[in-house]
Amino acid sequence: MRYLLTYCAYLSIVFQLTSTVSAADTKRATANRTARNAVVGPRQLREGRDILWAAQLLEGRLGLTPPVQWSDILEGVMASYGKPLYFVQELDAKGSVSGLWIDTDEFGAVICRGTHPACTQSHVILHELAHVLIDLDEESAQNHTEEDVESFAFGLAHLLYTDRPSDEEAYFG
Amino acid sequence: MIEFACFCLLLALVVIRGPKAISSGVARPAWIATGVGMLSLATYGTIVPASALDEALGDSNLLTLARDLCATSAFWFFREAVGGYAGVATRSKPSDLFSMLFSYALPFFWIADRNHFSVSFIENRIDQLPVWLYGTTYMFTIGWLSYTTIRLARKRRTRTGVVFSVGYTLVVLSCAIEIAYLSLAHLDIGGAEFRHSMYYLSESPFFTGILIIVVGIAGITFGGRIRNLQLKHRATQARLKRILGHHSGEAAANSRPSAGTPRDRAYEMLLAVESLESEGHVALQRREKAWLSAAQRLMALPGAPNLIEVGALSAQSKPETNLESTES
């Protein structure tokens, strides 16, 4: 826990710094990707960018059954990722970056701006989780656009919003 | 009149629930029950005169038997549905249903002088033992199915279970009244006047009970269909679009992708408006703020991961690690 808090403080500094640099300047380490299973491969990314399509793909790949809870998505993503993910809110963030995913050898951290409204914060987390899923595959990681990632983030939100019909509806509705 | 109301509701349910019953096994028993129940009510002459229907069956009051066979089947299938809903295996087999049907169909064919359709078929022949046997066995079957359905419904303490229990209790009450009436009339206690005046005594509680059950099913069916329209989310989306249109122009409001459900579109709009507001470029009006707050309440996603706060922490030692990051 002490290590985590120390590391979170470090991430906070990284977050502040990266707020002022462009995405192109961010160095990417690729060694961690090779041993993981692809959840969203390059072929899927080319197939379409529709919310419902993305939701359906993620539902199948992550083994989700409606009604999907946050915990189901987090479990599914972490199982694919193979490492724990921590979620950090940065209260003093400045600049244009609203979210950040940092991948380390031991764990990943998703940082979002604590001053954002709750719904935006949730969406930033979903966006970063979509990055995690897409970047599990080397080729798709190189080819994806932010638009692709947004489609998958909206797909995850769609799953969270989808209700399973109640038992009454299933039997009599 | 009450038969007609039940018939119309059942007809609507059969049509609306048809596609779902085809695709979903758990929805099928209740759908079959509504379909067979509708057929049973149709024999009262709601669409085609009962005499014409009976004539088609040979003008031997077979319509009465057909009505009762359909009603029993409807009650049996509905009990299966309630059992499934309550999570209890009823352990009943189709052969049980056939035994029930056979138990009163057999005495029906023992009835002497069945020719020529009459709405008072039972009343006019109640002195015959097969008629009494037929009537009481049928009513006992319905009463038994209703009683066991109440027991199943009570296992699930929900509003639906209560509605069904109330409806079925009235049916059980009507069955008891009918069995008492048939027995007294068969023994000729009270004379012809009693026999005639009390003939329809059980009808009111019976059809009121049926109407309550059917309204209960209709409430679930139509309630679900209305909920699926996501009217609240449509209205929310329209309001958020107005906010966007007001502050960023119509082009910005209309440029949002329209894929997904109304809920997805409301979510997209909410994010756009939140972004607009948090950037600090616009000052929302009081009414717009109220719309935004309502949208945030509606679209809240409970259970989001707990966030560790780091803003208050000072920088400490940097762990050695391999870093990769994406930013948005």
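Colleague: Is B:Cys70 buried or exposed in this model?

Modeller: The model is a predicted one, and its values are computed from the atoms. A residue is called buried when its relative accessible area is under 20%. B:Cys70 has a relative accessibility of 19%, so the residue counts as buried.

Colleague: How does B:Cys8 count, at 34% relative accessibility?

Modeller: The class in between runs from the buried limit of 20% to the exposed limit of 50%. Because its relative accessibility is 34%, B:Cys8 counts as partly exposed.

Colleague: How many disulfides does a search of the whole structure find?

Modeller: A disulfide is a covalent bond between the sulfur atoms of two cysteines. The sulfur atoms must lie within 2.5 Å of each other. For B:Cys8, the closest cysteine sulfur is in B:Cys6, at 9.4 Å, which is too far for a bond. Over all chains, the number of disulfides found is zero.

Colleague: What distance separates the C-alpha atoms of B:Thr221 and B:Ile16?

Modeller: B:Thr221 belongs to helix α10 of chain B and counts as buried, at 0% relative accessibility. Its contacts beyond four places in sequence include A:Phe172, B:Leu13 and B:Ile16. Although B:Thr221 and B:Ile16 are 205 residues apart along the chain, their C-alpha atoms are separated by 8.2 Å.

Conventions: Residues numbered from 1 in each chain as written. Chains lettered and ligands numbered in written order. Predicted model: local features only at pLDDT ≥ 70, side-chain atom pairs only at ≥ 80, totals over all residues. Heavy atoms only, no water. Helix = DSSP H or I, 4+ residues; strand = E, 2+ residues; numbered from the N terminus. Buried < 20%, exposed > 50% of the residue type's maximum accessible area, 1.4 Å probe, protein only. Contact = heavy atoms within 4.5 Å.
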